[in-house]
Structures are given as structure tokens and as C-alpha cells.
Amino acid sequence: MSGRSSTASNNYLPFAPGFVDNDGPKIVSTRFGYEDSHTLARSLATGGYDGLKLALRRSPAEVAAEVKEAVLLGRGGAGFPAGIKWGFMPPVWPRYLVVNGDESEPGTYKDRMLMERDPHQLIEGSLITCYALGLNQCFLYVRGEMAQAQENVAQALNDAYAAGFVGKNILGSDVSIDVVLHWGAGAYIVGEETALIESLEGNRGMPRLKPPFFPAAKGLYMKPTIVNNVETLANVPWLMLNGAAEYRKFGSEASPGTRMVAVSGHVKRPGVYEIEQGVVSFRDLFYGDNYCQGIRDDNELKAFVPGGGSAPWFFEDQLDLLQEGRDVGSAGSMLGSGALIVMDHTTDIVKACLRLVRFFARESCGKCTPCREGTAWEEKVLQRILDGHGRPNDIDLLLEIGKNISPGTYPVASFAEQGLDTVPFPPKQTTICPLGPSSVAPITSAIRRFRGEFEAKIDAAQSARVEA
Amino acid sequence: MSRLSTENEALAREIIARYPRPKSALIPLLHLVQEQDGYVADDAMEHLAELVGVTPAEVLGTCSFYEMFIRHPVGKYKIDVCTNLSCQLVGGEELLHHAEQKLGIRPGGTTEDGMFTLEDVECIAACTEAPCLQVNYRYEYKLSNEDFDQLVDELRQGDRPEIPNHGTLGLVRQHIAPDRLAGIAAPEVTGTPAWFASRQPEPEAAK
Ligand SMILES: Cc1cc2nc3c(=O)[nH]c(=O)nc-3n(C[C@H](O)[C@H](O)[C@H](O)COP(=O)(O)O)c2cc1C
Ligand code: SF4
Ligand code: FES
């Protein structure tokens, strides 16, 4: 990790670039204060693999019950409780655990940090999960572009195998579990769990249709498969060691524990923070002294993305919402992957919107027509508006294209005081996976709130045309 | 270029053995090819097809889906500048523009001396450290234009030995000693692990 400016003042630690210690409770970042946090020696000196030892003394069913009781919400995007998902597996073997380390949602930076800085915690969490599910083959899928994470996880696995924590007869017991490092090759869509499985089978990473291909029933090689996010599983060792009751002391009733969030864009102190779930408002996070300390140059907030590039945007009206999945959902967006992107009043909204849409257009896997064609058109129309060639009906055209991808009311933040409805989230979709609808979110968010900015660009283009 | 060397073929076989089905090893194997040659050549794909028991067309099918696999020679250093939203907001596009000027190439292009290839890429999970880039998948954070120039000069002068040539990803590989392996089985092999069966409270209380 050789960032040349990694000693900049807002980096708490040069060896975990971007991590900011906010003095709050820590569950997954406890070792980030050590330069050698990624080594087996440091892990063992600080309680590493104690959770596994404890788990092995209990029955798999008891371990699974503890996780279920804790309400460990998935941190990959959908926020589904891990304990309940694990219960969906039919009694069929072989079965697999696939750890999703493909982190590529725009704005998201935390799984990479967890893999680079504390790979043993992730391996331990994965092993406990394998034990609870009664399976002996686990694949740890790390995003292709993350060379350092691949190295650190590989080294950790080599050390853990040699020391008897992974592989045959774990800790001298009869329990044997293999954990295999797998790595990708650059494709955002592979983060979607069924595409991840296709990719792990050596195929093009295109999503499968759900139903019938729910991974818990028909996953890797059409066998029952649990896919969990890196951060989700990184919580498991602490949870095992301290118990569900302790875990539930952090965060809110509905969303216990902590969560790693990355705040980027126009804040004074961007960074990765471990915060309690469900109790910190967006305002606290952006303006609080322990967190981001305000908008840069004390500018005004224009808009923010509350949960990764796929999430509909929020505005100052939503600042006082708590970062609670349910509340954010009923306000028309999602907490997604813990990625918050802050835009101040100097932001060109059309440009920002185009950049996210261009991402989805580039990353569409091409399997279904509304997404493959629709995202390309969305990009094209936005580009011409930005370039000063917008046409009078382009705004309607954009909304129309969006309707073909996610029909019905658009998922946008509600503005009751402006006479606009609350709309349901997640959106309806004509596509196989949610990538297509995700491309619609920035467009509807931006047009609904800043229609005037789109119109101004189009009008300017029109008058330029008339003059010419 | 070519098929895998004898040494790399042995490595390939070791990787294949870690998967329940050989084809699952395809992405790691394509990376191995790219590490050997700097890009993925047709001959190499044919070799992989033999090794995992699929047709060369299937290997190409997989290879062509993933952005990191490149089918022609590129620069020794591939510089990927992120321009996605978090980076765009704090100067990612300006950094890319500066890189174009400095190197005299557009995204997708390679300098005449074969040293650098430039790309305009999507989010690389360093959004709080924007603007940022990767050189052969190694990070550089919060770059100013001067930082970029310095980086390029250092790379030209060979002052960044920790950054391997394009194609090489992690410098550490997973190796599982045969006596430590729990045992990878084909998906056709059914039955619960013995340790699990013996820990079930009731005979048929499988979950
Ligand atoms: C387009 C798309 C991209 C996704 N990318 C990721 C990702 O990079 N990492 C991740 O953990 N989950 C990602 N997900 C969510 C996964 O499909 C899956 O829900 C998640 O890995 C489950 O883990 P969890 O229950 O522990 O959150 C993505 C979903 C979609 C639709
Ligand atoms: S919605 Fe887009 S990314 Fe998802 S399956 Fe369809 S084409 Fe592929
Ligand atoms: S947007 Fe550039 S690293 Fe995430």
C-alpha cells in the first residue's frame, strides 16, 4: 500500500488509507490500529480464531441460532438477515459458501479494507459460517482489480492452513473445511450473486433468472449455495465471541451492530467510518465533529447518494433521517452498500447524473434488452444534453426509457411538502437483475429535483440552434 | 505468444485441483496467461481449453466478457484513472485529462515506447481517497498533477520496483499442502460431512 499522499491529515492511519477512527464502538475494525493487522501473529495476539474455537465447542445448529438471534443484516446491498438466509438451504449436499468480495458499486470502499487489513477475521468468519451450515467447501471471491487484497488473503490462507486453522482437522478436531481464494477479472455485474456464481463456474458473468435460481436452493453447480458479503462475515467472529445479546446492544432494534460506511465527495473529512447502525442521522454523519465535519468550504449541500451508485438520491430534506434501512426505504431509497456520495451546490447535476448512468451502460451485461439498449440510450441522451445538443423532448424521452426498464412510479425520494408521492422502493423491473433499474435511479432523482437545470441546458442548445 | 510454460502448466494444474469442476479455474488461469505473456493470446487459450476440458471458443467466451483480459500487447504499466462519481467530484476527469497531456495518448492508447497504457476506469473502491488511480492494479491516492508527473517519471526511471509488469496481480499465491487439504470433491459427490452428521441432535434433524 504505497499511496504517496496517504499521510494526509484526514487519514487516521497511513496503513489503512481512508479509515477514520470516530471513537465509536468497533466490531470489525478493531485491529486497524496495528500496522501488522493483516498477519496471523497480530490476529492471534488479539483474539483471532477464538470465535472459531468457541464455535467448534457448540453444535452447528447452536452457532446458526446465535447468528439468527443477533439479526446480522447483510452488508452487500439488500440488507437481508444472514441467519434467515442460511435457513433457506434445503437438506441437500454438497453445498457451498461463496464470500462476495467483488466490491465495485460506485462509492463503496470497505470490503477491500477488510480484506487487506484483516483477512484472518474474514477467514475466521467464513469458517464459522461453514461450520454452522455443515459444509466443507468455501470460495472467497475477491475482485480482480484488488491485487493487494488478493495477496493479503492468499498469505493469510497459507498461514492459517499451515497453523491448522483451515483445512484438514481444524484445531485438531474432526472438522475439515477448505477455503479457496478465487479472483475475478473486472466486471461490476459479477457482484450480483447469481452472476458471481456463473463467474465462479468459469462462465461469462451474467445473472440467472430468479426464480428458479435462488442460490440458497440452486446455486454453484446447481447446488445449495450461500452468498454473503465480506463485511457480513467479518462480523461473525466478534458475534460468536461476545454473543447475540452483546451484539444487539449496538445499533437499533431493527438494525443491530455497526456498519462500515464510506463517505466521499464534497465533505471536509471524507473517509471510511465504522458507525452504529440505525442511530446516526445523515446530518450527524456529514456535519458531526466525529465524522465528516461539514461540507467543503462550508458550501451548501445539493444532493447525496445514500447507498451506492444504484440508490436514488436524497437531498437536504432527508438529512435528519436516521441511517435505518426501513426508514430510508420508505423515504424512497436504500442504504445499499454503505456508500455515501456528497455533492455540494457547485455540482453540475446533469454531469453527475450522466457519470453514474454511463457506469451502468458500460457495465450492463447485455443479457436483457431493456437494460442493454435502454442504458445506452440514457447515456446518449444525457451526453447530448450536457454537450449542448439537447432536444426539447429529451427529458420526456429519458423518463420514457426509464419506464421501459422499471415500469410504474419511479423510485425517488418523496417530497410530501411539494405534493409529490412517496413511491415504493425497490422498483419494479422488466429486467433479469436490478442493474437496469439502477440506471434509472439517478435520472429520476435528478430530473425530479433539478428539472430546471436540464431545461436550461436544453433551452440554451435550442437558442444556439436558432441563432446559427 | 504462446502456450503456458512447463512451470506455469504445473501451477495451472495445482489451481485446477482446488475446484470441484475444472472450468471454474478458468479466470485464474487466464490471469496466469496474462502474467506470463502480458496479454491473452489465441494459443494460450487453446492450451487452457485442453487443460480444463472445454472448447477454445468457450475459453474465448469467458475471456472476452472480462475487462481485465487484454487480447493484444499493452504497455508495461497500465495506468487506470478512476472518473466515477466520487472521483469526478474532486477532479478525477481533470486528472485523466492531465494524464492524456503528459503521456500524449488517449484512454485505450499506448505510448510509442511501450511503457504506458492509459485507461479511464470505473470505481476502484478508493472513493474517499479521490482522485485516485491504479498502476497495474496498485493504488495511488489523492493525486495532484505534480504527483502524477512524478509517478510517471519514477516509473520511467525504474524507481518503483514494487510494481510488477502488466499482467501480474497478487505476488503471493495460495498453496495448500496436500496433507492439509480437507478434500475438494466434484459436485456429484453427495452426502453430509461426517463431522456435521455426528453433531446433529436428532438423526433426521438436518436443517
Ligand atoms: C448489480 C449488483 C451488484 C452487486 N454487487 C455486489 C458486490 O460487489 N458485493 C456484494 O457483497 N454484494 C453485491 N450485490 C449484492 C449481492 O447480489 C448479494 O445480495 C450479496 O452479496 C449478499 O450478501 P449479504 O446478504 O451478506 O449482503 C450486488 C447486487 C447487484 C444487483
Ligand atoms: S438488467 Fe442489465 S445487467 Fe442485469 S441481467 Fe439484464 S442486461 Fe444484464
Ligand atoms: S469513484 Fe473513484 S474510486 Fe470510487
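Q: How much space lies in the second largest cavity?
A: About 90 Å³. This is a predicted model, where local features need pLDDT of at least 70, side-chain atom pairs count only at pLDDT 80 or more, and totals for chains, interfaces and linings use all residues. Residues are numbered from 1 along each chain as its sequence is written, chains are lettered from A and ligands numbered from 1 in the order in which they are written, and side-chain values use heavy atoms, with hydrogens and water left out.

Q: What counts as a cavity, and what as a pocket?
A: On a 1 Å grid over the protein atoms alone, a cavity is a set of points where a 1.4 Å probe fits but cannot get out. A pocket is an open set with protein on both sides within 12 Å along at least five of seven lines, and lining residues have an atom within 4 Å of a point. Grid points are joined across faces, edges and corners, and the volume is the space filled by probe spheres set on the points.

Q: Which residues lie nearest the centre of that second largest cavity?
A: Pro207(A), Cys365(A), Cys368(A), Cys371(A) and Cys433(A), out of 14 lining residues. By class, the lining has 8 nonpolar, 4 polar and 2 charged residues. Here Ala, Val, Leu, Ile, Met, Phe, Trp, Tyr, Cys and Pro count as nonpolar, Asp, Glu, Lys and Arg as charged, and the others, Gly among them, as polar.

Q: How many cavities are there in the whole structure?
A: The search finds 5 of 30 Å³ or more. The largest cavity holds about 220 Å³ of space.

Q: What lines the largest cavity?
A: There are 19 lining residues, and Trp183(A), Glu35(B), Gly170(B), Val172(B) and Arg173(B) lie nearest the centre. Two or more residues each come from α7 (147-162) and β3 (178-183) of chain A and from α1 (6-16) and α2 (26-37) of chain B. The largest share, 4 residues, is from α2(B). Helices (H or I, at least four residues) and strands (E, at least two) are DSSP runs numbered from the N terminus. The lining divides into 8 nonpolar, 6 polar and 5 charged residues.

Q: Switching to ligand 1. Which residues come nearest?
A: Gly76(A), Lys85(A), Asn228(A), Asn229(A) and Thr232(A), from a shell of 18 residues. A residue is in the shell if one of its heavy atoms lies within 4 Å of the ligand. Strand β4 (residues 225-229) of chain A gives the most, with 3 residues. The shell has 4 nonpolar, 8 polar and 6 charged residues.

Q: Which peptide bonds are cis?
A: Lys210(A) to Pro211(A) is cis, with omega near -15°, and so is Ala130(B) to Pro131(B), at about -10°. Pro211(A) sits in the loop between α8 (193-200) and β4 of chain A, while Pro131(B) is in the loop between β2 and β3 (133-135) of chain B.

Q: What is the phi of Asn169(A)?
A: Positive, about 50°, although Asn169(A) is not a glycine. Asn169(A) is in the loop between α7 and β3 of chain A.

Q: Last one: how is chain B divided?
A: Into domain 1 (6-71) and domain 2 (77-157), with bounds from an automatic or database domain assignment. Their C-alpha centres are 29 Å apart.
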